[in-house]
Amino acid sequence: MSNFNALIGSRICHDLINPLGAIGNGIELLGLSGVADSPEMALVTESVQNAAAKVRFLRLAFGDATADQVVARSEILSILDEVSNGGRLSYSWNVPIDPPRLDVRVALLSAMCVETALPLGGDVQITHDDTNWTIQAKHDRLNLDPDLWAPLSKGENSHTLTAAQVHFGLLPQMAAEARRTLSFSHGSDWVAIQF
């Protein structure tokens with residue numbers, strides 16, 4: 001049976017992406033009529049594009065997935081490029097294939113965990129060789145909260161998670177569903193999750 005939390009995530013993202021798309025279309029029509037040529041409209045356009053990309057990101061990270069689904073590499077690159085636009089975080093997707101959606105979900109949840117260690121921003125590298133995935137970042141000012149990372153390193157989750165930390169709780173469960181084993185490592189200026 002499908003995971004109800006993932007189904008809820010999919011439903012919320014589905015219901016949000018439609019109005020965001022309609023707003024984007026309205027802004028595009030304003031642009032065609034010449035009304036949208038102002039810094040204020042440019043800000044609104046960028047904000048709507050970023051919000052739509054974030055919803056698409058969250059749909060892949062939190063939504064329902066099955067073993068037979070794959071995600072087009074071009075779709076992932078588009079999402080990560082738009083989410084990175086103008087933000088303090090960027091993503092390097094070094095995966096040359098159209099990967100299974102279950103693996104993409106684990107990779108994006110891992111990326112969200114790695115992001116929490118980068119309070120000043122940085123680049124999150126996501127790589128895949130023939131069998132293994134690595135999600136890592138380097139920065140001279142990492143913030144590795146032991147209350148979040150210690151349970152994750154044991155394949156567990158903390159019982160004191162906030163809504164902003166929910167990805168730490170979901171990652172072990174989603175990795176198990178994808179039949180992947182998580183490992184966590186770090187140094188003074190780098191952090192990595194592998195599966």
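This report describes the aromatic ring pairs of a predicted model.

## Basis of the report

The model is predicted, so local features need pLDDT of at least 70 and side-chain atom pairs count only at pLDDT 80 or more, while totals for chains, interfaces and linings use all residues. Residues are numbered from 1 along each chain as its sequence is written, and side-chain values use heavy atoms, with hydrogens and water left out.

## Aromatic pairs

Rings of Phe, Tyr and Trp (its six-membered ring) pair if their centres lie within 6.5 Å; planes under 30 degrees apart are stacked, over 60 edge-to-face, and the rest tilted.

Helices (H or I, at least four residues) and strands (E, at least two) are DSSP runs, numbered from the N terminus. Both F57 and Y91 are buried, that is, under 20% relative accessible area, where exposed means over 50% and partly exposed lies in between (1.4 Å probe, protein chains only).

W149 and F168 form an edge-to-face pair, at 5.2 Å centre to centre and 85 degrees between the planes. This pair links distant parts of the chain, 19 residues apart: W149 in helix α5 (residues 146-153) and F168 in helix α6 (residues 166-177). W149 is buried, at 2% relative accessible area, and F168 is buried, at 2%.

## Cluster and charge

W93, W133 and F195 make up one aromatic cluster.

K54 lies over the face of F57, 5.0 Å from the ring centre. A charge sits over a ring if NZ of Lys or CZ of Arg is within 6 Å of the ring centre and within 35 degrees of the ring normal.
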